[in-house]
Structures are given as C-alpha cells and as structure tokens.
Amino acid sequence: ERERLGTVEADFVRPEAFWVDVASWLTGDPLHHVVTLNPEMVMQAQTNPIFRDAVAAADARVPDGAGIIWARWYLRSTYWSLWPSLLAFMFQSAERVTGVDVVQALARCCSEAGHSMYLLGGTAVQVAGTTAALQRNFPNLQLFTSRTHAFSLDGPADILKDITAKHPKVLLVAYGSPQQTIWIERHRKKLHGVTVAVGVGGAFAILAEERPRAPHVLRKLNLEWLWRLTLEPRRLPRIWQAAVRFPILIHAQKKGVQRSV
C-alpha cells in the first residue's frame, strides 16, 4: 500500500513480501531504485525539489525509520491525538525495512544466485569493515568496491566507468541523504547491468561496527533515534527534524485531510 507523507509517498510492504520482490528483480534487466525512507528524508523533501523528484522517481520507497510506520498509523487512527500517539507507538510493532537489513538480504540473494555486488561511497574503514563482514557471512559473494573519493553528483567519471566494467547486479550507495538518492536517479541510465540500486545511508558504518546498532530493547520501543542522539549529540538538529518537526508535519496533514472530508 502507498501513503502520502507530506510531499512524498511511502510504500508499505511487509519485509517478507519485499524480499520476494527483490529476488524477482534480480532475475530481470531493468534497474529498480530502492529508497529506504525515514522521517528526516521526508522533511528534506519538503524543501528540496530535486530530492523530492528523485524520491518520486524511485521504484520503491520502503519504511526504514519507525517514524514512517507511526505516520501511517496516526493518519489512519480516529481517536489518538498527536503526542499521546507518539507515546503509545512505543508499544506498537513496527515492521521496517532498514538499510542494514537490505544489505544483508541482497548479499544473501547474490551469494545464492552467483550475482555480484558493488559498494559505493562510505569511508575506507567502513567499506573494508563491511566487505569483511559480508564475506564472513557469505563466503561465495562476489564484492566490488569503489576507490575512496569525495562525493560528486557528476560521477566521478572513472567510478561510473568502473561500475560499468564490473557489471554488478546490485549497487549499494552510501553517500548519505539526499545525495545518494539524487545520484542514483541522475545516473540511472548509465548503470548498465545493475538491476537493484539502493541508497543505504549509514549501513556501512553499522556493518563495519564503527557505529554500534541500538540495543534491541530501544529498537523494540521504536527509540532508535534516542540511541543515535546519545552516541552523537551533534546530530541534535537532524533528530529535531525527525522527532519533532516530522510529527508536526504529519499532524497538519491529518487535520487538513479531516477538514476536507
């Protein structure tokens, strides 16, 4: 199912069904661009039309952040008011499709089917750690990595040439948001042979164990944002966008919908 959140749309699909779709995409030729959507990205799209268009052009916008699941639940609820709904959501199940889950699921599919993966972006330490972790879990997986480079919306040209030469089935892009989403859409027609391209954000940092994943109890309570804030207080402006401004945006949308009915 699809739900509009602000100026973008999210595709709500159970993880099991999404993995089936991904496996089928790997048997075909057209490129499928997957956006792992979180509340901060929704807020970025409100003021960045280039990013908004790139999200809209993607083939799937799956809910990464728990806030995306909350937004759908809140928009469809009849009785909950805004802030009590956020507290109540701590005890609701949120079936997300996170960047880390996508990387691991794609690695498994590629390993079993004999396909290759290409890691683009991230720091040298993150890429090395992610490569080691994936090859440890999937010894038969064929992995390619880009040279260490600064982000460039135009390429860089030698990176695009290398991707074409390696002909990977899966491209994982860790440039962060909104850069990774815009980059994939800008170069979609040049990524010959790639059938699944995903912007994975900070997944490389987590897989490389450079950034510890939130404890299970916080993930269960949909409080992963609190863990990130504890580890990196400088993320406060970003957390504010996701944890405060995003709920206000969704509340305004709900009030507008209710007034129009």
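How many salt bridges does the structure hold? The structure holds 17 salt bridges, a salt bridge being a side-chain nitrogen of Lys or Arg within 4 Å of a carboxyl oxygen of Asp or Glu.

## Basis of the values

This is a predicted model, in which local features need pLDDT of at least 70 and side-chain atom pairs count only at pLDDT 80 or more, while totals for chains, interfaces and linings use all residues. Residues are numbered from 1 along each chain as its sequence is written, and side-chain values use heavy atoms, with hydrogens and water left out.

## Overall form

The protein chain has 13 helices and eight strands. These elements are DSSP runs numbered from the N terminus, with helices (H or I) of at least four residues and strands (E) of at least two. The radius of gyration is 18 Å, close to the 18 Å that the globule rule gives for 261 residues, so the chain is as compact as a globular protein of that length. The radius is taken over C-alpha atoms, and the rule is 2.2 Å times the number of residues to the power 0.38. Along its principal axes the C-alpha trace spans about 55 × 35 × 35 Å.

Buried residues account for 48% of the 261 residues. Buried means under 20% relative accessible area, exposed over 50%, and partly exposed in between (1.4 Å probe, protein chains only). The accessible surface of the chain is about 12600 Å², and 56% of that surface belongs to carbon and sulfur atoms. Accessible areas come from the Shrake-Rupley method with a 1.4 Å probe; for residues, only the protein chains shown count as cover. Of the contacts (heavy atoms within 4.5 Å) between residues at least 6 apart in sequence, 76% join residues at least 24 apart.

Side chains of opposite charge can pair when their charged atoms come close. R76 is partly exposed at 44% relative accessible area, whereas E3 is buried at 15%. E3 and R76 also belong to a network of salt bridges that includes E1 and R72.

R96 and E224 meet in a salt bridge of 2.8 Å, N to O. This pair too links distant parts of the chain: R96 is in the loop between α5 (82-89) and α6 (99-113), E224 is in helix α12 (residues 224-231), and the two are 128 residues apart. Both residues count as buried, R96 at 14% relative accessibility and E224 at 11%. In the bridge between R2 and D11 the N to O distance is 2.6 Å; R2 is partly exposed at 48%, while D11 is buried at 11%.

## Nonpolar cores

A nonpolar core is a set of buried Ala, Val, Leu, Ile, Met, Phe, Trp, Tyr and Cys residues joined through side-chain atoms within 4.5 Å. The largest has 30 residues, of which F18, L106, M117 and L172 touch the most other members. Elements that each supply at least two residues of this core include α1 (15-25), β5 (116-121) and β7 (170-174). Helix α6 gives the largest share, six residues.

Leaving out residues up to four places away in sequence, M117 touches residues including V103, L106, C110, F144 and L172. Another core, of 26 residues, lies apart from the largest one and has V35, F51, A54 and L82 among its members.

## Cysteines

A disulfide is a covalent bond between the sulfur atoms of two cysteines. With the criterion of a pair of cysteine sulfur atoms within 2.5 Å, the whole structure has zero disulfides. For C109, the nearest cysteine sulfur is that of C110, 6.9 Å away. C110 is buried, with a relative accessible area of 0%.

## Backbone details

The peptide bond from G155 to P156 is cis, with omega near -10 degrees; P156 is in the loop between β6 (142-145) and α8 (157-166). Another cis bond runs from S177 to P178, with omega near 10 degrees, and P178 is in the loop between β7 and α9 (179-186).

H167 is not a glycine but has a positive phi of about 55 degrees. H167 is in the loop between α8 and β7 and is partly exposed at 49%. E209, also not a glycine, has a positive phi of about 60 degrees. E209 lies in the loop between α10 and α11 (216-220) and is exposed at 68%.
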